[in-house]
Amino acid sequence: MFKLDKEKEWLGKKDLFDEHALQKKIYQDESNFKILLGGRRSGKSVLMLEECLRVAMNVPFAICWIVCPDYQTAKDVYLTNMLLRLEAMGVPYEYKNRDNKIKILKNKTGKVAKIEFKSAENERSVKGRELDFLGFDEFAMIDPAIWVGILPSVLTKKNIKIIVASSFRRGGVGNSRLKELVKIGDAKSSKYQKGWKSWIFPSTVSPYVNKETLELLKAGLTLSEYNQEVNCEFDEVGGSVYCLFDTSKHLKKDLQFDRNLPLNLSFDFNVRLMTTSISQIVKGNKESYIHNGKEIKEQ
């Protein structure tokens, strides 16, 4: 049995959303298909766990899946916390070590239910079947083919609940599909579909994220990554100039290509994102100028 330590005391609360108004609003919404575009530490995982648990506890013989980008996330973030949650609630369950499956022996209907935690790394393990709950964690990092492969058989059940939770991730293979789903759940979008609902909540809406946390994230991410993973912006920088480049600050005059001068190509592989520059070295102004407090002799 798992022991509930002090760091996980929140798992024993009857209402996990007391302090997080937006979390509570989303949980209480009755839409069958929910799309959560959330920043880091915004509360996506807790919502996923609680939405899954609600189905498992109230549907006879429920079968629930949570699909993660990798095995480690499925085990460390979801399986472990679900076990702790059940332990805190006093729900009888069965769990075999090395098996990412939990069997609830008796839910509120007096029946059994199964919760399985899947890794999208193994496509065979996520072959479609009839489900009562389907959750995707960090959808932007999951191959869209897996989403398409699961849906046909999953949607055969009338009252299935689907939760897609993710931030927009740099290089994420599922970014485009995530964008589509956010629009499908937006009542103001021309692509809106009945039964779907989407929410966008950046990290800053969470009462559990303080300024120090945001500063640490800002220091460890590029500006583009920060906008994607904290502010929930669909910020694409591939194929464009470096994200910190500002023409008003860094471009001093119009320059023309000189066919008599060689082209210089440079590649910087040691940063995120990898950057490339194409340049020619030409004579600059005869007089130096001051930029950021330093004297510059222009080339």
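Helix 1 (residues 21-28) and helix 2 (residues 44-58) pack at an angle of about 30°, and their axes are 11 Å apart. Axes here are lines fitted to C-alpha atoms, for helices over the stretch in contact, and angles run from 0 to 180 degrees between N-to-C directions. On the helix 1 side, the contact (heavy atoms within 4.5 Å) is made by Gln 23, Ile 26 and Tyr 27. Helix 2 brings Val 46, Leu 47, Glu 50, Glu 51 and Arg 54 to that contact.

A word on what you're looking at. This is a predicted model, where local features need pLDDT of at least 70, side-chain atom pairs count only at pLDDT 80 or more, and totals for chains, interfaces and linings use all residues. Residues are numbered from 1 along each chain as its sequence is written, and side-chain values use heavy atoms, with hydrogens and water left out.

**The whole chain**

The chain has 8 helices and 12 strands. These are DSSP runs numbered from the N terminus, with helices being H or I of at least four residues and strands being E of at least two. Take the contacts between residues at least 6 apart in sequence: 65% of them join residues at least 24 apart.

Eight of the strands make an open sheet, in the order 3-4-5-2-6-7-1-8, with mixed pairing. Strand 3 (93-95) and strand 8 (196-201) are the edge strands, each pairing on one side only. From one strand to the next, the twist averages 15°. Two strands count as paired if DSSP finds at least two bridges between them. Here are some of the pairs:

| Pair | Sense | Bridges | One bridge |
|---|---|---|---|
| Strand 3 and strand 4 | antiparallel | 3 bridges | Tyr 95 with Ile 102 |
| Strand 1 and strand 7 | parallel | 5 bridges | Ile 35 with Val 164 |
| Strand 1 and strand 8 | parallel | 6 bridges | Ile 35 with Ser 198 |

So what about strand 1 itself? With 6 of its 6 residues buried, strand 1 is largely enclosed by the rest of the structure. Phe 33, Ile 35 and Leu 37 point one way from strand 1, while Lys 34, Leu 36 and Gly 38 point the other way.

Helices also lie across the sheet strands. Helix 3 (residues 71-89) lies across strand 2 (63-68), strand 3, strand 4, strand 5 (113-119) and strand 6 (133-137), and runs at about 155° to strand 5. Helix 5 (residues 175-184) covers another set, lying across strand 1 (33-38), strand 7 (161-166) and strand 8, at about 120° to strand 1.

**The cysteines**

If you're wondering about disulfides, the structure holds 0 of them, taking a disulfide as a pair of cysteine sulfur atoms within 2.5 Å. For Cys 64, the closest cysteine sulfur is in Cys 52, and at 4.4 Å that is too far for a bond. Cys 64 counts as buried because its relative accessibility is 0%. Cys 68 counts as buried too, with a relative accessibility of 0%.

Terms used:
Buried < 20%, exposed > 50% of the residue type's maximum accessible area, 1.4 Å probe, protein only.
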